[in-house]
Amino acid sequence: MIRIKQVNKSFGSVRVLKDIDLEIPQSHVYALIGPSGAGKSTLIRSINALESIQGGEIIVDGISVHDRKTDINRLRSDIGFVFQSFNLYPHLTAVENVAIAPIQVKKVPKEQAEEKARALLASLGLGEKFGSYPAQLSGGQQQRVAIARALAMDPKVMLFDEPTSALDPEMIKEVLDAIRNLASTGMTMVVVTHEMGFAREICNQIVFMADGKIVEVASPEVFFTNPQTDRAKDFLSKVL
Ligand code: ADP
Ligand code: MG
């Protein structure tokens, strides 16, 4: 579903992605983990063209992401992206936040888009919050609205960049549960996370990055019990 081939990226003279190769099959969930500054956000943002790349190619469901001929709006509606900061529209209710992109981008009739938005919000445990504004919701609730908003476009892939890092501890579980449920529906996902227990439990593969490179790709079982590199051992000794 996602093919990343020999991707390179620099900010000015600093190389932040170095010869990245990775293939993510349909319905698989990959965790991207590693120390701060490793290039995790830059890589995941490159997958839906929030970042340009300077070499190599990223292909999502057969579409070359950085090809000038690619319709970027079409591509982005196929790729849901959930950020650490929820970025909801403050002046729109939960339902309106979820329905707005299908209405504006896909020209779905308002009634139909809002009906689907209510169903998505209900499936994420937000059945009581349809008419609430973001400021009236907790961080965990806002993040679940953000997940519903991404799902409203019927994406083929979901990308999450530290979806629980801005949340108070008691709200982390409800968001991880939502992502876990999504995994069980067969959604292809890439999740940048510091939640090692979560990564171990739901991900098919762990991708460990450091210094702009992929250092190890392994099953959770192997990665967490028998990491192959000193870099990964050192990282795990600090986070586990
Ligand atoms: P991670 O998400 O793993 O913490 P990032 O992808 O955010 O890492 O950053 C990788 C490197 O790229 C870091 O050295 C960071 O300072 C640098 N970087 C990220 N975004 C920018 C930017 N917009 N301009 C310049 N440097 C950046
Ligand atoms: Mg990051």
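# Reading the ligand shell, helices and sheets

Tutor: In this predicted model, the residues around ligand 1 are F11, V16, G34, S36, G37, A38, G39, K40, S41 and T42.

Student: What makes a residue part of the shell around ligand 1?

Tutor: The cut-off is a C-beta atom within 6 Å of the molecule. K40 and F11 are among the residues of that shell.

Student: How do the residues of the shell divide into nonpolar, polar and charged?

Tutor: Three are nonpolar, six polar and one charged. Gly counts as polar and Lys as charged under the scheme used.

Student: Which element gives the most to the shell?

Tutor: Helix α1, with three residues.

Student: Why is helix α1 called largely enclosed?

Tutor: A residue is buried if 20 or more other C-beta atoms lie within 10 Å of its own. Six of the eight residues of α1, which spans 40–47, are buried, so the rest of the structure largely encloses this helix. The six are K40, T42, L43, I44, S46 and I47. Just after α1, A49 has a positive phi of about 65°.

Student: Where does Q54 lie, and what makes it buried or exposed?

Tutor: Q54 sits in the loop between α1 and β4. The cut-off for exposed is 12 or fewer neighbours. Q54 has 11 C-beta neighbours inside 10 Å, so it counts as exposed. Beyond four places in sequence, Q54 is in contact with N8, K9 and S10. V65 is 11 residues away along the chain, and its C-alpha atom lies 13 Å from that of Q54.

Student: How do you know which strands pair with β1 and β4?

Tutor: Pairing needs at least two bridges. Five bridges join β1 (residues 2–11) to β4, and the two run antiparallel. In this pair N8 stands opposite G55 of β4. The open sheet has four strands, in the order β2-β1-β4-β5, with antiparallel pairing.

Student: What makes β2 and β5 edge strands?

Tutor: Each pairs on one side only. β2 covers 14–24 and β5 covers 63–64.

Student: What about β8, and how many bridges join it to β3 and β7?

Tutor: Four bridges join β3 (residues 29–33) to β8, and these strands run parallel. A31 has V191 as its bridge partner in β8. β7 and β8 also pair in the parallel sense, over five bridges. There M158 stands opposite M189. Both counts meet the requirement of at least two bridges.

Student: Why do the side chains of β8 point two ways?

Tutor: In a regular strand, side chains alternate between the two faces of the sheet. T188, V190 and V192 point one way, while M189 and V191 point the other. All are buried. That is five of five residues in β8, so the strand is called mostly covered.

Student: How do you know that helix α5 is close to its expected span?

Tutor: Expected span is 1.5 Å times one less than the number of residues. α5 (residues 139–151) has 13 residues. It reaches 18 Å from first C-alpha to last, close to the 18 Å expected.

Student: What makes α5 mostly covered?

Tutor: In α5, 12 of 13 residues are buried. These include G140, R144 and L151. The buried residues pack against β6, α3, α4, β7 and α6.

Student: Which domain does UniProt record, and where?

Tutor: The unreviewed UniProt entry places "domain: ABC transporter" at residues 2–236. That span is 38% helix and 26% strand, with its end C-alpha atoms 27 Å apart.

Conventions:
Residues are numbered from 1 along each chain as its sequence is written. Chains are lettered from A and ligands numbered from 1 in the order in which they are written. This is a predicted model: local features need pLDDT of at least 70, side-chain atom pairs count only at pLDDT 80 or more; totals for chains, interfaces and linings use all residues. Two residues are in contact if their C-beta atoms, placed from the backbone, lie within 7 Å. UniProt positions are given in the numbering used here, feature names are shortened, and annotations may be inferred rather than shown by experiment.
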